[in-house]
Amino acid sequence: MKTIDLRSDTVTKPTPAMRQAMAEAAVGDDVYGEDPSVNRLEEMAAAVMQKEAALFVPSGSMGNQLAIMTHCERGVEVICDSLAHVFHYEMAAAAALSGVQLHPIDNLHNEAGIASLNEHIRNPQDFFPRTRLICLENSLNRGGGTVMPPELMAEVYRLAQEYGLKVHLDGARIFNAALALGCEPAALTAHADSVMFCLSKGLGAPVGSILAGSRQFIDQARRNRKMLGGGMRQAGILAAAGIFALEDTSFLAADHEKAQYLAQELAAVPGLKVDLTKVQTNIVLVELEVMPLQDFLQKLRQQGVLAGGAGSAAVRFVTHRDVSMADVQAAVEIIKGIMLN
Ligand code: TLP
């Protein structure tokens, strides 16, 4: 039985051409700054994100946490969306590693939330923590891969600057967001002091993410990366996959088409609820109205379809390069079979 893995775009495997580029990569000791492939990837990434400098990091989580650690001192507060990855899926690392408090708020990514954002920025009285950082996420994973237009990011950035705060963008899927918004990634990063994006998700590299920002910020983040044990040696083998991934991101459009197809088909199935307005990139959240989540996931698994959960009653499907349109069509038939029997 063929497995159709829709749990995440992180499951994508390097293509033969990417493996070839990895095998042939020029390498050196990156802790001495001597890995030509890492240096090239960092330069390329900084250019794409229109930032002064960039740092290759092992994971998106480490990139986000380095951003928090580098922007903040202990005891300050970081505003994020109540659905943010840094809040739900990073092992409380902001508290454990940087000693900061996350202040999650609803709707940070839309007009309603932004209108009241200033109420969440602490005023400078002695019994309040200082607000230091706002963390945005575009696309918003737990929001169903929804995107935040550059104009809204600009509003948040303007407010942040007014209050002397920094803005970090968790752009794990920034290329998906930019594609959906019809803009360049740099149109989004223009409204953030730092950005993290992942090479290891839809872009198909096996490992790695990038943190980008000002030269001074990245110099300090590099020191913090070493402190966390993230200084890598002949990492050029991995960086070569990242360079390869950045050279052509056009295939992401097909991932969005597969997500649209999946969402529209499932929206018509009794017992499933899909908010089609929220299907904007490569993620489809489906609410289950008649069956417990774990039962549904298990039935899917028995027939070779893997999906994940998002909350207690929603299924998350993520399309990516390693599932074809035919695979998605087959998954739809299996899901219909489960729901209609
Ligand atoms: N997300 C993973 C899981 O952790 C949920 C996934 O399958 O979607 N920011 C965002 C918005 C992410 O979605 C992720 C990974 C990360 C950061 C962390 O990246 P990694 O997994 O490389 O640490």
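Me: Which residue in β13 stands opposite E287?
Reply: In this predicted model, local features need pLDDT of at least 70, side-chain atom pairs count only at pLDDT 80 or more, and totals for chains, interfaces and linings use all residues. Residues are numbered from 1 along each chain as its sequence is written, and side-chain values use heavy atoms, with hydrogens and water left out. Strand β10 (residues 283-288) and strand β13 (residues 314-318) pair in the antiparallel sense over five bridges; strands are DSSP runs of E with at least two residues, numbered from the N terminus, and two strands pair if DSSP finds at least two bridges between them. In β13, the residue opposite E287 is A314.

Me: Which strands stand at the edges of the sheet of four strands, and why is one side of each left without a neighbour?
Reply: This open sheet has the order β9-β10-β13-β12, with antiparallel pairing. Each edge strand has a single partner strand, so one side of each is left without a neighbour in the sheet; the two are β9 (272-273) and β12 (308-309).

Me: Which are the edge strands of the sheet of seven strands?
Reply: The strands of this open sheet follow the order β2-β8-β7-β6-β5-β3-β4, and their pairing is mixed. Pairing on one side only marks the edge strands, which are β2 (53-57) and β4 (101-105).

Me: Which residue in β6 does I134 stand opposite?
Reply: Strand β5 (residues 131-137) and strand β6 (residues 166-170) run parallel and are joined by five bridges. Leaving out residues up to four places away in sequence, I134 touches several residues, including I79, L108, V156 and V167; contact means heavy atoms within 4.5 Å. Across in β6, I134 stands opposite V167.

Me: Why is the pair of F127 and F128 called edge-to-face?
Reply: The structure holds two aromatic pairs. For F127 and F128 the ring centres are 5.0 Å apart and the planes stand at 70°. Phe, Tyr and Trp rings (for Trp, the six-membered ring) pair if their centres lie within 6.5 Å, with planes under 30 degrees apart counted as stacked, over 60 as edge-to-face and the rest as tilted. The pair is edge-to-face because its planes are at 70°.

Me: How many residues apart in sequence are the parts that F175 and F197 tie together?
Reply: The rings of F175 and F197 also form an edge-to-face pair, with centres 5.6 Å apart and planes at 75°. F175 lies in helix α9 (residues 174-181) and F197 in strand β7 (residues 194-198), so the distance in sequence between the parts tied together is 22 residues.

Me: Are F175 and F197 buried or exposed?
Reply: Buried means under 20% relative accessible area, exposed over 50%, and partly exposed in between (1.4 Å probe, protein chains only). In contrast to F127, which is exposed at 65%, both F175 and F197 are buried.
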